[in-house]
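Welcome, and thanks for taking a look at this structure. Let us walk through it together, one place at a time.

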Amino acid sequence: MVAAVAGLLAVAAGRGWGALWTVAAVDAGQLAVGWSNDWLDRDRDMARGRTDKPLAVGLVRPATVRNAAGLALLACVPLSFVSGAASAVTHLTAVGSALAYNAGLKRTPLSAVPYAISFGLGPAVVTLGPPLHRWPHAWVMIAGALIGVGGHFTQVLVDIPRDRLEGIRGLPQLMGQRASALAAALLLLTAIVLEAFAPGPRPITLAALLLAAVGAAGIVTSALTGRTDLAFRLTLGVAVIAVIALLLSGRGL
């Protein structure tokens with residue numbers, strides 16, 4: 001999903017078919033982050049009986065996932081440089097931030113920082129490449145960071161009780177499920193409000209704000225009723241609404 005959004009932003013920025021290189025680079029980075037996360041968490045996932053994780057149920061060997069993550073990271077470097085040095089360094093910084101989360105920051109109160117950095121830099125990966133070669137508007141980067149942190153809060157909702165027992169003290173774990181759900185909803189709404197009003201309101205962004213408010217209410221309701229998976233899906237939905245509204249508003253990055 002992150003790669004698809006990056007591709008849409010690249011097309012909107014005038015990259016044309018070159019957007020495929022952006023999709024390839026971002027996808028490689030996402031694979032490296034996702035596979036390394038599963039490899040690092042394999043023993044914990046196995047102990048928890050995570051049937052949704054191939055490593056936890058023995059469907060794939062740990063070495064296979066480790067090597068795949070390494071190859072994806074290696075591929076990410078040249079794919080990123082196709083869009084120029086500035087875009088590449090920005091993208092690799094975002095990927096490095098996510099890998100730092102996997103390596104240990106997720107166990108600390110700083111767990112939200114990598115999400116803010118990686119998602120905040122996301123638009124810059126696109127605009128620093130051709131044809132724009134400039135930084136995006138500040139409000140776009142701030143909105144991206146808010147969406148990323150909101151996603152962090154909902155993504156870990158289901159694991160918070162077990163995480164606390166295992167001594168994981170990330171920011172959502174310290175706050176608890178209810179407070180994390182509320183924080184996620186507020187962060188996502190703030191991102192949409194920023195998008196709607198920072199450059200001046202337009203009908204499409206106001207409509208997006210209304211839809212996002214409904215989605216935020218759904219996130220809180222789902223989390224409080226134990227439907228944490230639905231809360232995360234709604235978070236993804238609100239993020240998509242934000243991106244589509246930005247693209248249709250005609251403001252650009």
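Met1 sits in the segment that comes before helix H1 (2-12). Please keep in mind along the way that this is a predicted model. Is Met1 buried or exposed, or something in between? With a relative accessibility of 49%, Met1 counts as partly exposed, because the exposed class begins over 50%. Once its neighbours within four places in sequence are set aside, Met1 is in contact with Leu236 and Val240.

From here, turn to a pair of helices. Two packed helices are described by the angle between their axes and by the distance between those axes. For helix H10 (residues 177-197) and helix H12 (residues 228-249), the axes come within 10 Å and cross at roughly 10°. That angle makes H10 roughly parallel to H12, since angles under 35 degrees are counted that way. Which residues make the contact? On the H10 side they are Gln177, Leu188, Ile192 and Glu195. H12 contributes Thr228, Thr235, Val238, Ala242, Ala245 and Leu246.

Two of those residues, Leu188 and Thr235, lead us to the next stop, as both are touched by Ile219. Ile219 belongs to helix H11 (residues 203-224). Its relative accessible area is 0%, so Ile219 is buried. Leaving out residues up to four places away in sequence, Ile219 also touches Thr154, Ala181, Ala231 and Leu234. Thr154 is 65 residues from Ile219 along the chain, yet their C-alpha atoms are separated by 8.2 Å.

Now for some charged side chains. How many salt bridges does a search of the whole structure find? The count is twelve. One of them pairs Asp163 with Arg44, whose closest N and O atoms are 3.2 Å apart. Asp163 lies in helix H8 (residues 160-165) and Arg44 in helix H3 (residues 42-47), so this pair ties together parts that are 119 residues apart in sequence. Both Asp163 and Arg44 are buried, and for Arg44 the relative accessible area is 17%.

Arg44 has another partner: its side chain also meets that of Glu166 in a salt bridge, at 4.0 Å from N to O. This pair again links distant parts of the chain, with Arg44 in helix H3 and Glu166 in the loop between H8 and helix H9 (171-175), 122 residues apart. While Arg44 is buried, Glu166 counts as partly exposed, at 33% relative accessibility.

A further salt bridge joins the side chains of Asp52 and Arg50, at 2.9 Å from N to O. Asp52 has a relative accessible area of 52% and is therefore exposed.

Val77, Phe81 and Val89 make a nonpolar surface patch of about 240 Å². Of these residues, Phe81 is found in helix H4 (residues 62-81). Phe81 has a relative accessible area of 42%, which means that Phe81 is partly exposed.

Technical notes: Residues numbered from 1 in each chain as written. Predicted model: local features only at pLDDT ≥ 70, side-chain atom pairs only at ≥ 80, totals over all residues. Heavy atoms only, no water. Patch = residues over 30% accessible without salt bridge, like charges linked within 9 Å, V, L, I, M, F, W, Y side chains within 5 Å. Areas by Shrake-Rupley, 256 points an atom, 1.4 Å probe, with all protein chains shown as cover. Helix = DSSP H or I, 4+ residues; strand = E, 2+ residues; numbered from the N terminus. Buried < 20%, exposed > 50% of the residue type's maximum accessible area, 1.4 Å probe, protein only. Contact = heavy atoms within 4.5 Å. Axes fitted to C-alpha atoms, helices over the stretch in contact; angles between N-to-C directions. Parallel < 35°, antiparallel > 145°, perpendicular 65-115°, else oblique.
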